[in-house]
Amino acid sequence: MGALRRRWRWVLLATVVMAALPFGALWLSDRLILHEPEASAEPLPGTVSDIVARGEYLTRAGGCFSCHTSPGGEPMAGGRALVTPFGTFYSPNLTPDVATGIGGWTDAQFLRALRKGVRPDGSDYFPVFPYASFTGITTGDALAIKAYLFSRPAVHQPNRAHEVAFPFSWRFLQSGWRLLFFKPGPFRPSPDRSAAYNRGAYLVTALSHCGECHTPRNALGAMRPGLRLAGNADGPDGQSVPNITPDSATGIGEWEKSDLIELLKTGTTPEQTKVKGAMHEAIVDGLKYLTDDDRAAIADYLLAQAPIVHEVARRR
């Protein structure tokens, strides 16, 4: 009963906020985002096999296999249920099937999806697709990912319709969400930081989009910037997600760099327990394939963040 009340409170709040936004501003913002010139896609360096191999690595780092593969289904063919407070979303087919996947997509369409959250038909993606983080992915990395996806077998599997409550099922409302909460990329390294720190920042904030799970969200489903990476009591499929800021009491402040590297490689915590749920999938399908240098860069970045006191209740 409590969950139902919360959902309708969110529905009411979203409706009021979206209705209050000036329609002209929404329209202008949408036009600017949709028609902003794309970065020129220069040919990627290396042989085709090199580009595809790089794309596979980046796809693993981006966690694409976990979200776009349903239990028992064909890899990357979509259909994975993503349960949220707003309803259940189903991930799309990312194989190069022309009819049901992304086989007909151009480079510009692929870049626009990642960078701006816009589908090839010009409508908006729901932010359950983490384009708010993927917007930071570089053009070269994005096109390498596309090359890898297009090298995989095509699977003919139609996408499932989302099961989302009114009014969140209205795609046009996403223009308002984007105006309020979306900050387009690209990722910009900090000139006063080391290369390792900036590499970790890119992986955490853009490609591996750690904050999408590890940051609590507001009533409209946007990440709360003041609690970035501080844990989320209502994470993927209702799971709690821990605080990964270096706070000693509620986060990872007592961890060594080697502890974080080991976790990302094997899923083993300093207490010698194994992570479960979405994090287990993220490691098994993606993070364990990273190089030692990239895992170390992630650890450097996380341990350099400001600690945030935020206790997250664990769920069994």
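## Notes on the aromatic pairs and the rest of the fold

1. The ring-pair count comes to 12 aromatic pairs. In one of them, Phe 166 and Trp 170, the ring centres are 4.7 Å apart and the planes stand at 80°, so this pair is edge-to-face. Phe 166 is partly exposed at 45% relative accessibility, and Trp 170 is partly exposed too, at 39%. Please keep in mind throughout that this is a predicted model.

2. Which residues do ring pairs link into a cluster? They are Tyr 125, Phe 129, Tyr 131, Phe 134, Trp 177, Phe 181 and Phe 182.

3. The peptide bond from Phe 166 to Pro 167 is cis, with omega near 5°, and Pro 167 sits in the loop between β3 (163-164) and α8 (174-181). A cis bond also runs from Gly 185 to Pro 186, with omega near 10°. Pro 186 belongs to the loop between α8 and α9.

4. Now for the overall picture. The protein has 13 helices and three strands. Of its 316 residues, 47% are buried. Taking contacts between residues at least 6 apart in sequence, 64% join residues at least 24 apart.

5. The largest nonpolar core holds 53 residues, and Leu 149, Leu 207 and Leu 302 have the most contacts inside it. Two or more residues each come from α3 (48-61), α4 (64-67), α5 (107-116), α6 (131-134), α7 (139-151), α9 (195-207), α11 (257-266) and α13 (292-303). The largest share, seven residues, is given by α9. Another core lies apart from this one; it has six residues, including Phe 86, Phe 126, Val 164 and Phe 168. As background, nonpolar side chains in soluble globular proteins tend to be buried together.

6. What does Leu 302 touch, leaving out residues up to four places away in sequence? Its partners are Val 204, Leu 229, Ile 244, Pro 246, Ile 252 and Leu 260.

7. Leu 229 is found in the loop between α10 and α11, and counts as buried because its relative accessible area is 2%, under the 20% cut-off. His 209 likewise has a positive phi, near 40°, in a residue other than glycine. This histidine lies in the loop between α9 and α10 and is buried, with a relative accessible area of 13%.

8. Is Thr 215 buried or exposed? With a relative accessible area of 1%, Thr 215 is buried. Its place is the loop between α10 (211-214) and α11. Beyond residues up to four places away in sequence, Thr 215 touches Met 223, Arg 224, Leu 227, Arg 228, Leu 229, Gly 231 and Asn 232.

9. On to charges: the whole structure contains 10 salt bridges. Asp 141 pairs with Arg 54, their closest N and O atoms being 2.6 Å apart. This bridge links distant parts of the chain, with Asp 141 in helix α7 and Arg 54 in helix α3, 87 residues apart. Asp 141 is buried, at a relative accessible area of 8%, whereas Arg 54 is partly exposed at 33%.

10. Helix α7 takes part in another bridge through Lys 146. Lys 146 meets Asp 107, with the closest N and O atoms 3.0 Å apart. Asp 107 is in helix α5, and the pair is 39 residues apart. Here Lys 146 is buried at 10% relative accessibility, while Asp 107 is partly exposed at 35%. Lys 146 also lies over the face of Phe 150, at 4.1 Å from the ring centre.

11. Arg 160 is partly exposed at 47% relative accessibility, and Glu 163 is partly exposed at 46%.

Methods:
Residues are numbered from 1 along each chain as its sequence is written. This is a predicted model: local features need pLDDT of at least 70, side-chain atom pairs count only at pLDDT 80 or more; totals for chains, interfaces and linings use all residues. Side-chain values use heavy atoms; hydrogens and water are left out. A nonpolar core is a set of buried Ala, Val, Leu, Ile, Met, Phe, Trp, Tyr and Cys residues joined through side-chain atoms within 4.5 Å. Buried means under 20% relative accessible area, exposed over 50%, partly exposed in between (1.4 Å probe, protein chains only). Helices (H or I, at least four residues) and strands (E, at least two) are DSSP runs, numbered from the N terminus. Contact means heavy atoms within 4.5 Å. Rings of Phe, Tyr and Trp (its six-membered ring) pair if their centres lie within 6.5 Å; planes under 30 degrees apart count as stacked, over 60 as edge-to-face and the rest as tilted. A charge sits over a ring if NZ of Lys or CZ of Arg is within 6 Å of the ring centre and within 35 degrees of the ring normal. A salt bridge is a side-chain nitrogen of Lys or Arg within 4 Å of a carboxyl oxygen of Asp or Glu.
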